[in-house]
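Hi everyone, thanks for coming. Please have a look at the sequence and the structure on the screen, and then we'll walk through a few parts together.

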Amino acid sequence: MNRSLALETLQRNFPAGADAALIISPVNRRYYTGMPSTDGALLVTPTDAVLLVDFRYIERARQVAAGCEVVLRDRLFPQLRALLEARGARTLAVETERMTVAEFSRLRAGLPGIMLRESGELDREITRQRAVKTPGEIESVRAAQRITDRSFTELLNFLRPGITERQAACELVRLMREFGSEGEAFDTIAVAGPNSSMPHGVPTDRPLAAGDFFTLDFGAKKDGYCSDMTRTVAIGYATDEMRQVYDTVLRAQRAALAVICPGVSCREIDGTARQIIEEEAGYRGCFGHSLGHSLGLEIHESPVFSPLSQDTTQAGNLLSVEPGIYLEGRFGVRIEDIVWITESGCENLTGSAKELLVL
């Protein structure tokens with residue numbers, strides 16, 4: 001994406017009453033500058049921006065950071081005071097949702113005479129911007145999702161009875177790395193049989209067995225951007241009940257996908273899938289998580305498809321669509337794609353087939 005444009009957007013929509021804004025969270029610094037680092041500070045005013053990074057990152061930052069001056073960080077608070085004084089800044093907006101109490105206390109002590117604005121307005125503006133993906137951001141997610149799809153296809157040749165959940169998860173991570181992923185978008189979920197009834201179960205040494213449902217939830221990263229996909233497959237055979245549950249989840253997902261477009265209540269989209277699972281099929285209480293979440297530089301962003309959501313979809317949103325049914329102690333099914341909301345509808349970025357696979 002155009003990092004200069006992102007900064008310009010923030011500067012045009014600057015927090016009211018603030019002379020400057022301080023961004024210290026790694027993910028938001030990267031969003032605005034394109035520079036990944038574990039430490040640093042981005043000072044933004046309505047007319048300019050300064051990125052302070054230490055010696056470990058300075059060379060790379062000078063190469064890639066866009067839309068801002070890059071300064072070697074030595075003593076952060078004296079440098080910030082000097083930068084604020086040079087700009088006549090007396091009020092400083094901070095990331096209240098990203099900053100710890102200890103960090104806020106140190107900042108207040110280190111910047112005497114500067115009023116820290118804790119209204120949350122800066123956080124809301126950043127969230128609003130990041131919710132609408134640019135074409136460049138979508139291309140990064142596409143690349144990550146291609147790696148995810150390819151890895152799943154290759155993993156199918158590896159899966160068989162006797163392979164443990166942990167072995168399958170490790171092989172999937174290896175494949176994603178081999179195919180170009182920068183790392184896991186999140187800890188891979190690989191759960192089979194009764195373990196698959198836990199939506200966020202952790203891979204164990206339990207071997208796959210005939211008659212198991214095996215749920216895989218995983219994602220790659222490219223250019224810092226995440227992908228996310230869930231597929232549930234059957235090992236050996238699937239009972240009539242297993243097929244019925246799987247078909248219900250797939251029908252719920254397809255119904256939700258059919259109504260996703262700009263200007264629709266996120267709660268309504270969630271309800272479309274929930275109506276099929278809970279009311280029509282009778283699995284009330286077996287779909288206990290939201291239908292989906294946004295993703296980008298982080299695996300969970302805003303908005304979300306949820307019964308509690310107050311959001312309305314808009315073009316540029318990127319969300320997962322992942323209904324599930326979980327029968328405690330028996331088995332579970334989840335199917336997940338990611339979709340980009342366009343001006344006229346939505347585009348599914350996930351390429352893997354969704355019909356039930358029996359391996």
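Helix α4 passes helix α5 in a right-handed crossing, meaning that the near helix is turned clockwise from the far one by less than a right angle. This is a predicted model, where local features need pLDDT of at least 70, side-chain atom pairs count only at pLDDT 80 or more, and totals for chains, interfaces and linings use all residues. Residues are numbered from 1 along each chain as its sequence is written, and side-chain values use heavy atoms, with hydrogens and water left out.

So where are these helices? α4 covers residues 76-86 and α5 residues 101-110, and they pack at about 60 degrees with axes 10 Å apart. Helices here are DSSP runs of H or I with at least four residues, strands are E runs of at least two, and both are numbered from the N terminus. Axes are lines fitted to C-alpha atoms, for helices over the stretch in contact, and angles run from 0 to 180 degrees between N-to-C directions.

Which residues make the contact? From α4 we have Phe77, Leu80 and Arg81, and from α5 Arg106, Leu107 and Gly110; contact means heavy atoms within 4.5 Å.

Now let's turn to the sheet. Three strands form an open, antiparallel sheet in the order β7-β8-β11; two strands pair if DSSP finds at least two bridges between them. β7 (189-192) and β11 (229-235) are at the edges with a single partner strand each, so one side of each has no neighbour in the sheet. From one strand to the next, the twist averages 15 degrees.

How many bridges join β8 to β11? Seven bridges link β8, residues 212-218, to β11. Phe218 has Met229 as its bridge partner in β11, and Asp217 has Thr230 there.

Is β8 buried or exposed? Seven of its seven residues are buried, that is, under 20% relative accessible area, against over 50% for exposed and in between for partly exposed (1.4 Å probe, protein chains only). In a regular strand the side chains alternate between the two faces of the sheet. In β8, Asp212, Phe214, Leu216 and Phe218 point one way, while Phe213, Thr215 and Asp217 point the other way.
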